[in-house]
Amino acid sequence: MPDLLFFYEAMYYVAFVCSMCLNSLLLYLVWNHTEKTMRAFANIIIQTVIVDMITSGVVTFSQIRIESANGDIFEAPGSSLNKYVYCAHSMIFGGITNINFWSIPIQAIYRYIIIVKKKKVTFWYPTMMFAIVTLDSIVCGMPLTISTRFIGGTPEEAKVKNLPFWKDRDTSNFCLFVARTWQNLLFMINMVGQQLIAFVVLIWLTSRLNKVIRDSKAHLSERTLAMHSQMTKKLYTQAALPGFVSILVTIICGLCFILPDYYGGFFLLLFTPYPWVSVANPLLTIFCIQSYRKAVINMFYNRPRSIISSDVSITLAGSNMRFSGKSTATVAPATHLSVPSLLNT
């Protein structure tokens with residue numbers, strides 16, 4: 001019977017396929033179904049999609065495994081990439097998930113600059129923000145990577161083998177780093193700190209933006225107000241799963257210090273939400289943005305997206321002629337033409 005490790009590995013590949021499909025669909029929707037009021041945010045959504053795809057690929061083909069025993073932390077990937085990344089799994093996995101997490105507050109920053117500061121944001125602004133988060137993750141993760149070493153064929157491998165879950169499994173590709181060191185402390189503080197700062201930035205900027213929108217409500221069209229409402233809902237819902245994951249990061253960091261000895265395999269369960277973040281992001285974007293949601297519904301039911309059918313009745317002034325029936329075209333106003341019932345479009 002397949003065990004926990006089999007389902008853990010299979011879950012990553014299922015999440016990868018779902019992420020690629022949903023993000024490809026979102027790219028298509030952004031390109032073909034973005035309304036005029038949403039066009040200013042198309043670039044940042046596209047960048048987020050690209051980050052989600054990269055994250056999904058890295059997370060899937062690293063499939064980090066963490067174990068803790070007697071104050072030591074062991075890490076290993078779930079693929080043959082081990083020989084190419086030289087015990088850098090924690091830095092790569094943690095860095096890419098933080099970069100993915102920051103895509104949400106970066107969208108909030110993008111909106112704040114455009115709407116509140118009334119400045120044009122070039123394509124490179126959010127790219128530079130992603131680059132800063134990436135550089136910070138590398139700088140704070142590199143000391144830990146340098147201090148980490150392989151345990152295959154060393155006495156330390158016995159510590160993992162003594163955990164019943166790993167007793168009959170290959171543990172030669174595990175690496176070791178000691179929990180109570182400044183390198184590990186720096187890495188963990190940076191991981192948790194980045195996510196905490198990201199939450200503060202998201203909530204503070206979005207609340208400031210919503211206040212500006214409320215104050216200007218009388219001067220904004222219903223479409224514009226609806227668009228901002230959809231974007232705010234999207235950002236908050238997208239932050240829910242990463243927020244839960246950030247809590248797990250704190251739990252994982254704490255357990256690495258306080259678990260002296262146990263059965264093993266528990267950390268696999270704690271890491272299961274990670275690959276699904278890149279699935280939730282495009283799914284929630286499609287669900288929260290009305291034009292994308294309608295486009296998907298029309299695709300699912302095979303409806304033409306640009307045809308609006310409605311009963312109309314047109315009377316020509318000064319004439320006894322009357323036409324009534326179905327119309328799929330827009331009727332332009334003209335002299336001596338009255339339209340008793342208008343379409344709400």
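Colleague: Which residue is the bridge partner of Ile-66 in strand 2?
Modeller: Glu-75. Keep in mind that this is a predicted model.

Colleague: How many bridges join strand 1 to strand 2, and which way do they run?
Modeller: There are 5 bridges, and the two strands run antiparallel.

Colleague: And what does strand 2 do with strand 4?
Modeller: They pair over 4 bridges, again in the antiparallel sense. Phe-74 stands opposite Leu-176 there.

Colleague: What is the strand order in the sheet?
Modeller: The order is 1-2-4-3, in an open sheet of 4 strands with antiparallel pairing.

Colleague: What holds strand 3 to strand 4?
Modeller: 2 bridges, in the antiparallel sense. Arg-149 has Leu-176 as its bridge partner in strand 4.

Colleague: Back to strand 2. Are its residues buried or exposed?
Modeller: Buried, 5 of the 5, so the strand is largely enclosed by the rest of the structure. Asp-72, Phe-74 and Ala-76 point one way, while Ile-73 and Glu-75 point the other way.

Colleague: Different topic. How many residues does helix 4 have, and how far does it reach?
Modeller: It covers residues 89-115, which is 27 residues, and reaches 40 Å from first C-alpha to last.

Colleague: Where is the kink in helix 4?
Modeller: At Ile-104, shortly before Pro-105, and it is about 30 degrees.

Colleague: Is helix 4 mostly covered or mostly exposed?
Modeller: Mostly covered, with 25 of its 27 residues buried.

Key:
Residues are numbered from 1 along each chain as its sequence is written. This is a predicted model: local features need pLDDT of at least 70, side-chain atom pairs count only at pLDDT 80 or more; totals for chains, interfaces and linings use all residues. Side-chain values use heavy atoms; hydrogens and water are left out. The expected span of a helix is 1.5 Å times one less than its number of residues. The bend at a residue is the angle between axes fitted to the seven residues ending there and the seven starting there. Buried means under 20% relative accessible area, exposed over 50%, partly exposed in between (1.4 Å probe, protein chains only). Two strands pair if DSSP finds at least two bridges between them.
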